[in-house]
Amino acid sequence: MTPKVVPVLDPLFRPAALAWRAWQQRARETGQPVRVRFALEQKDGATSHFTADLLPEGDALATANFRMLERLVKLSLWARGGFRIHLDAPAPLVAELRAHFRESPTGRFDSRIVGESVYGHPIEVVAARELPPERSGSASLGGHLDGCRIGFDLGGSDRKVAAIIDGHVVWSEEVEWDPYHQPDPRYHWDGIMDSLRRAAEHLPRVDAIGGSAAGVYVDNQVRFSSLFRGIPPELFEQRVRNIFRDLRHAWNDVPFDVVNDGDVAALLGSMSIDDGGGVLGIALGTSTAGGYVTGEKCVTPWLNEIAFVPIDYRAGAPRDEWSGDEGCCVQYLSQQAVGRLLEPAGITVPGELPLPARLRQLQELMLKGDERAVDVYLTLGAYLGYALGHLASVYDFRHVLVLGRVTSGRGGAIMLDTAREVLRIEFPELAARVDLRMPSEKDKRHGQAIAAASLPARPKP
């Protein structure tokens, strides 16, 4: 489906949200839609339900039924999480989905990362007529700002840290680093320790430490993270799996919590909102971080790794370098997206220039009023609007907080205005109820670290 708001620099973009809306309409117009249901089950029993209408077997487009089902499963898998898929669908589709996770490169990646790394079990597909009941647990998150705290945020191109006393920031800093392809975990340990020590120099004592980082963390254990993907598996198990537990011990076992950076982005939004609406946080950094906080200011056991969610369904869409899949969010809402759009914008940069430097050059051009830079942000804004239209099928949000280095400066405002236009034109029911906002310029750069500092609760005296 061709979008009504065409991204200036990417006219071939075909939004997943529009494809699904048209597909569901066509299926129902046949008068014989094939209703498919599935449940995603996590190890603790948390279960999410999804339904879709596919085309009857005789329809001319029915050969695309599996592709549409697989894309929906992938959206649900990376947003909600789970390792067991209870699928109520025609037997050929069940068999094809099983084969996908066993045999296709992208399916094996999903099974290895989501299934094995997060839940300790390869993804399995179970044929079912009755689905297990839907069940979701939740837990309160953060909001503790008493005492002397350190908050840090670990991204793919920089790490941020803040020293906070009773909710007031007394010092903050941002340091560039390059963790993605480092094979020695000492690089990561030394970098994090350096930031913590520098923050501690500005505090009379350290009562608690909270952190956010790209990846999935359970009880301060690293389940998977792009920050450590250059480390060999045996070293990962020996020195990375418990790196944050070891850091806590090195800091005299003060209260110490680390969670997904997207959840902290959502927490940052929820800390200033009291109307009971859910908050979706999206951070545009080296990758795309997502997080969700309920209207009760609680987190769910969902995965929220929206970087891997496909939002572009065209054939030959930009490919994610890690999973190998096409059309995933990371190539549309991140520094990687900026790097990809410079050439079609007519902005020439040296091929070896790293992503943070490319972004800085773009933002310098924005300060000069360069229309080529404006086109990049107009394109990013269109991506954001259509991504929100798609994510609304798995998240119930009334507020969206967009932050990260990509949003700094005037370009961020252009992005949000364009995204609002997409919602108004394509998804008016969503536009009527969603508040789309950015934090202040200071919070864009350091808000993650500040919100992260509020994660640990101090023991009561």
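Author: Gladly! Let's start with pairing: two strands pair if DSSP finds at least two bridges between them. Strands (E, at least two residues) and helices (H or I, at least four) are DSSP runs, numbered from the N terminus. This is a predicted model, where local features need pLDDT of at least 70, side-chain atom pairs count only at pLDDT 80 or more, and totals for chains, interfaces and linings use all residues. Residues are numbered from 1 along each chain as its sequence is written, and side-chain values use heavy atoms, leaving out hydrogens and water.

Reader: How do you know that strand β3 and β4 pair?

Author: Strand β3 (residues 84-88) and β4 share four bridges, in the parallel sense, and the rule asks for at least two. Leu87 stands opposite Ala127 in β4.

Reader: What makes β2 and β4 edge strands?

Author: The open sheet has four strands in the order β2-β1-β3-β4, with mixed pairing. β2 (47-54) and β4 (124-127) each have a single partner strand, so one side of each lacks a neighbour in the sheet.

Reader: What share of the residues is buried?

Author: Buried means under 20% relative accessible area, with a 1.4 Å probe and protein chains only. Of the 461 residues in the protein chain, 60% are buried.

How values were computed
Buried means under 20% relative accessible area, exposed over 50%, partly exposed in between (1.4 Å probe, protein chains only).
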